[in-house]
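Try each task before reading its solution.

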Amino acid sequence: MGEAVRVRYAPSPTGDPHVGNIRSALFNWLLARRLGGKFIVRIEDTDQARKMEGSVQVILDSLRWLGIDWDEGPDVGGEFGPYIQSDRVESYSVAANRLVESDNAYYCYCPSERLVMIRESQKKQNRPTGYDGRCRNLSALERAEEVKSNPTPVVRFKMPLTGKTTFNDVIRGDVTWENRLLDDFVLLKSDGYPTYHLASVVDDNAMEISHVLRADEWLPSTPRHVLLYEAFGWNPPIFAHLPLILGSDRSKLSKRHGSVSIMDYKDQGYLPEAMLNFLSLLGWSLDDKTTEMDINTVIENFSLERIGASPAVFDLEKLSWLNGVYLRNLSADVVAEKSFELLDRDLGVDVSRPLDWAYVVKVCSVIQDRARIFSEIPHLASFFFSENYSYPVILIWAGMGDKSIKKLIETSEDPRALSLPEDRDSVSHSLAAASGALSKIDDWNHDTLEATLRNLVQELGTSNRRLFGAMRVVLTGRTEAPPLFSTMEILGQKIFLGRL
RNA sequence: GGCGCGUUCGUCUAGCGGCCUAGGACACCGCCCUCUCAAGGCGGAGAUCACGGGUUCAAAUCCCGUACGCGCUACCA
């Protein structure tokens, strides 16, 4: 076997790949790119029942979205193909037969009902579960008899009854299992398909995989794999079992925890760069202080030695923050490009389509600093597009900085019914004055607007906070929005005066 | 039940015997900036390094035990 680093991502097409799964793909890819090796995608579709149509496509799309490219795989081929296990079934039965012939495996005719039964009784007696080995030593004659009642036997591995199996895991060190605690697991199922154990060992060997990086949940089955390599007379690869990714309740991340499919994050408007950065930091670190880094920096510094052993909780808060960091670094053009479709989809029906590209860019330039993820943008920007907003009049006073009113509105069931502060007249007077002054402006831009309004504040003897705050609410229907003058400039004189 | 792995601020982590009265980041709190919100700057709170024993002049770091958590325990991967 060569020195070359060859790693693989071997997903099962049973649904959309989730973040834990993709993190495994990422670490494999990082190792390959760091060491100048090959990254291989292999589809493990040996479970005919759970196989899902279209899943392979989503898996590949997920990788593409993140920019994880592969050197060999189902679509691009390669010298060790095919890369879909259902296209390699022949090789597994050949391998299984080899083990039967070398007395490392045997046919088992036990019906599944019997298997369930022995498992139940083992459980009831608080004994370890596992196949009892009934068919382990059948004579040729007995087998001929059994085959009559079950013509489609499975092939089981003949597990050594004594001794220990030790292997080294790069992340966990030496791990040892007692062979007698391992049962005669199935290699070949009755439908002729291999189990994961057989297929992955046969393929990893055939594809000359040098390192197997996979999730920690596989650690308990690794001794079986090691024993398989031994039985075949093959050299096992280097193993590294990655720490699990957990949900907020500290159990293995799954659908119960909400969005786990990587494509969900794409749809919600997370950036692949941010996702990559975040996922890299789940179980790996560059040093004691670096959090924000591009993927090339990760590649240049990636090493198995810096992967931790303890599981990591997937913290959506931190992902969102990181995404905001990347979002703010984008140019307004790019933000507009990436949010155009979302705006088109989520803005109200009253907004006329198609959206004006130049206008969207301008809006994005002031919104992007206020969003963490793209899906927030339509809401944050809606008042730029729609007149169709309303607010309780009293919100104007809240916008002017009266915190007690703000609190009152938040706790009130019907803010519209709240009585207005007494200086209502002076506020409407101020707004009218602003309207008057602004209608005379010929040169409608940020700076002249600012000069005019700051002057007006002086004339009226009010404060920036009060005047600008009142205008903000009238203009946007909210107390929180981008800076007033930029907002006004973007909206334009006509629309602006209309709202005033 | 059995087996395995894990255990440093709420969360992600740094730490691989003295630099640690434990560093960074998210979240949280306060202040500054300021037309609001963000962003940014500054500061704060937050971890008796799960617990108990060893080893050592010296342990978060090495060893043993305990507890807890998680994973596996399928003709699923």
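**Exercise 1. The largest cavity**

Which element gives the most to the lining of the largest cavity, and with how many residues? Work it out from the lining residues.

Solution. 

Step 1. Note what kind of model this is: the structure is predicted. For chain A the average pLDDT is 94, and 99% of the residues score at least 70. The predictor also gives the complex an ipTM of 0.96 and a pTM of 0.94.

Step 2. Find the cavity. A search of the whole structure turns up 1 cavity of 30 Å³ or more. The volume of the largest cavity is about 40 Å³.

Step 3. List the lining. The largest cavity is lined by Arg8, Ser200, Val201, Asp204, Val212, Arg214, His225, Tyr229, Pro237 and Phe239.

Step 4. Two or more lining residues come from each of α6 (196-206), β8 (211-215) and α7 (222-232). The most comes from α6, which gives 3 residues.

Step 5. Sort the lining by residue class. The division is 5 nonpolar, 2 polar and 3 charged residues.

**Exercise 2. The largest pocket**

Solution. 

Step 1. Start with the volume, which is about 1,100 Å³ for the largest pocket.

Step 2. Go to the centre. The lining holds 39 residues, and the closest to the centre of the pocket are Ser12, Thr14, Asn21, Glu217 and Trp218.

Step 3. The most is given by α1, with 5 residues.

Step 4. Check the domains. At least three residues of the lining come from domain 1 (2-85 + 246-317), and at least three from domain 2 (88-242).

Step 5. Sort by class. This lining has 15 nonpolar, 13 polar and 11 charged residues.

**Exercise 3. The second largest pocket**

Which domains does its lining draw at least three residues from?

Solution. 

Step 1. The second largest pocket has a volume of about 400 Å³.

Step 2. Among the 13 residues that line the second largest pocket, Lys266, Asp267, Gly269, Lys338 and Leu342 are the closest to its centre.

Step 3. Two elements give two or more residues to this lining, namely α8 (262-267) and α12 (332-346). The largest share, 5 residues, is that of α12.

Step 4. The domains that each provide at least three lining residues are domain 1 (2-85 + 246-317) and domain 3 (330-385).

Step 5. By class, the lining of the second largest pocket holds 6 nonpolar, 1 polar and 6 charged residues.

**Exercise 4. A sheet of 3 strands**

In what order do the 3 strands of the open sheet stand, and is the pairing parallel or antiparallel? Then identify the edge strands.

Solution. 

Step 1. The order is β3-β4-β7, and the pairing is antiparallel.

Step 2. An edge strand pairs on one side only, and this holds for β3 (105-108) and β7 (186-188).

Step 3. Examine one pair in detail. Strands β3 and β4 (residues 154-157) run antiparallel and are joined by 4 bridges. Across this pair, Ala105 stands opposite Phe157 in β4.

Step 4. Consider the angle between neighbours. With direction ignored, neighbouring strands of the sheet are turned by 45 degrees against each other on average.

**Exercise 5. Backbone geometry in the loops**

Solution. 

Step 1. The bond from Gly81 to Pro82 is cis, and its omega is near 0 degrees. Pro82 sits in the loop between α2 (55-66) and α3 (89-101).

Step 2. Arg353 and Pro354 are also joined by a cis peptide bond, with omega about -5 degrees. The loop that holds Pro354 lies between α12 and α13 (357-367).

Step 3. Asn126 is not a glycine, yet its phi is positive, at about 55 degrees. Asn126 belongs to the loop between α4 (112-124) and α5 (140-149).

Conventions:
Residues are numbered from 1 along each chain as its sequence is written. Chains are lettered from A and ligands numbered from 1 in the order in which they are written. This is a predicted model: local features need pLDDT of at least 70, side-chain atom pairs count only at pLDDT 80 or more; totals for chains, interfaces and linings use all residues. Side-chain values use heavy atoms; hydrogens and water are left out. On a 1 Å grid over the protein atoms alone, a cavity is a set of points where a 1.4 Å probe fits but cannot get out, and a pocket is an open set with protein on both sides within 12 Å along at least five of seven lines; lining residues have an atom within 4 Å of a point. Grid points are joined across faces, edges and corners, and a volume is the space filled by probe spheres set on the points. Ala, Val, Leu, Ile, Met, Phe, Trp, Tyr, Cys and Pro count as nonpolar, Asp, Glu, Lys and Arg as charged, and the others, Gly among them, as polar. Domain bounds come from an automatic or database domain assignment. Two strands pair if DSSP finds at least two bridges between them. Axes are lines fitted to C-alpha atoms, for helices over the stretch in contact, and angles run from 0 to 180 degrees between N-to-C directions. pLDDT is the predictor's confidence in each residue, from 0 to 100.
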